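Work through the exercises below with the structure open. Each task is followed by a solution in steps.

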Amino acid sequence: MIPLDVFGSESVAADLLQQVRWCDGVTCPRCRSDRTVRNGSYREFQRYLCKDCDRTFNDKTGTIFAHSKVALRRWLFSIYAFLRFNTSLRQLQCEIEVTHKTMHRRIERFARALDAPSLDLVGPVEIDEVYVSAGKKGRKRDQESRSRGLSTRGRGSYNGDKPPVFILADRGTGQRYVIPAKAADESTIRLLLADRQEESLTVYTDGFRAYEPLEEDDAFTREYVVHGDGEYADEEVHVNTCESHASLTRRWLSPHRGISKDKLTQYLRAFQLRRELYRKPGRDALKHAIRATL
């Protein structure tokens, strides 16, 4: 259920932020001391005094919501709609009545606050790559805009505005990881598979040549299917989970009409967070999103 009470009342939104941020107790955001006392209020937000550094702070201090003239309830609505419904920034701009520049800056600040996914592979692991459109959106160009699609046949490249994005599906834990890269080569693949619990990791791939060196390494057991030969699954050997997740990744990026290469990582981290809160009810999903930025 959508938490409409949070989006309709600034005091309810402030209470929610307070619950999430101080669930383990109030600590000073400057000196990390827990010797704090209540010290009045700042609008709807509780204010505190740190007895160690003798400075005051409130529930928003040191968060992505600090120093914003736009109401917290509106920012929480924007984050919720962006993650839950993949709403475009243009539409969010209309919904909370701010300029596109302000909307873009705040969503970008939210995405930057998200941590990189921490890989800890149990295995077996599926790995596949997808190529997405990501160019110089938002920057001045020194040449004419490129035509849509690839100008030459073959796989995309970072320099050609079609950077690779690797999809990893850990069957041991059920986790899915979406990680952008500058090249789809052997060194990148080995780096992605380095954080594993077992010495020997079973890896399922397609017939892409960059995966072939894994067969000569005792640290991996590579099994694969060759799509070019019409082979897509051989019992448990397939990359269908990755391909399904890749299609969801494309749909996540689609409403934003092209992503800058500089911002691709941030958008994919937001997509990763979206998948984490996918089956959570409205209020729990919003709490999870707030917690991810603190």
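**Exercise 1. Charges over rings**

Task: Find which ring lies under the charged end of Arg 222, and which under that of Arg 275.

Solution. The model is a predicted one. Start with Arg 222: its charged end sits over the ring of Tyr 224, 4.0 Å from the ring centre. Then go to Arg 275, whose charged end is placed over the ring of Tyr 278, at 4.7 Å from the centre.

**Exercise 2. The surroundings of Gly 207**

Task: Locate Gly 207 and list its contacts beyond four places in sequence.

Solution. Step one is the location: Gly 207 belongs to the loop that runs between β8 (201-205) and β9 (220-224). Step two is the list, which consists of Arg 222, Tyr 224, Val 225 and Val 226. Two of these names, Arg 222 and Tyr 224, are those of the charge and ring in Exercise 1. Step three is a distance: the C-alpha atoms of Gly 207 and Val 226 are 4.7 Å apart, although 19 residues separate the two in sequence. Step four is accessibility. Gly 207 has a relative accessibility of 35%, so it counts as partly exposed, since that class lies between 20% and 50%.

**Exercise 3. Packing of α3 on α5**

Task: Describe how helix α3 and helix α5 pack, and name the residues that meet.

Solution. Two values are needed, because packed helices are described by the angle between their axes and the distance between the axes. For α3 (residues 72-85) and α5 (residues 100-112), the angle is about 70 degrees and the axes are 11 Å apart. The angle therefore makes α3 roughly perpendicular to α5, as the range for that term is 65 to 115 degrees. Next come the residues. From α3, the contact takes in Trp 75, Ser 78, Ile 79, Phe 82 and Leu 83; from α5, Thr 102, Met 103, Arg 106, Ile 107 and Phe 110. Sorted by class, the contact of α3 with α5 holds 7 nonpolar, 2 polar and 1 charged residues.

**Exercise 4. Aromatic pairs**

Task: Classify the pair of Phe 7 and Tyr 80 and the pair of Tyr 48 and Phe 57.

Solution. The whole structure has 10 aromatic pairs. In the pair of Phe 7 and Tyr 80, the centres are 5.6 Å apart and the planes make 55 degrees, and the pair is tilted. Phe 7 is in helix α1 (residues 4-8) and Tyr 80 in helix α3, so this pair ties together parts 73 residues apart in sequence. Phe 7 and Tyr 80 are both buried. The pair of Tyr 48 and Phe 57 is stacked, with 5.3 Å from centre to centre and 25 degrees between the planes. Tyr 48 counts as buried because its relative accessibility is 4%; Phe 57, at 2%, is buried as well. Finally, look for linked pairs: Phe 7, Phe 77, Tyr 80 and Phe 85 are joined by ring pairs into a cluster.

**Exercise 5. Gln 266**

Task: Is Gln 266 buried or exposed, and which residues does it touch?

Solution. Gln 266 is part of helix α8 (residues 264-276). Its relative accessibility is 14%, so Gln 266 counts as buried. Leaving out residues up to four places away in sequence, Gln 266 touches Glu 108, Ala 111 and Arg 112.

**Exercise 6. The whole chain**

Task: How many helices and strands does the protein chain have, and what share of its residues is buried?

Solution. The chain contains 9 helices and 10 strands. Of its 294 residues, 44% are buried.

Methods
Residues numbered from 1 in each chain as written. Predicted model: local features only at pLDDT ≥ 70, side-chain atom pairs only at ≥ 80, totals over all residues. Heavy atoms only, no water. Axes fitted to C-alpha atoms, helices over the stretch in contact; angles between N-to-C directions. Helix = DSSP H or I, 4+ residues; strand = E, 2+ residues; numbered from the N terminus. Parallel < 35°, antiparallel > 145°, perpendicular 65-115°, else oblique. Contact = heavy atoms within 4.5 Å. Nonpolar A, V, L, I, M, F, W, Y, C, P; charged D, E, K, R; others polar. Buried < 20%, exposed > 50% of the residue type's maximum accessible area, 1.4 Å probe, protein only. Phe/Tyr/Trp six-rings, centres within 6.5 Å; stacked < 30°, edge-to-face > 60°. Lys NZ or Arg CZ within 6 Å of the ring centre and 35° of its normal.
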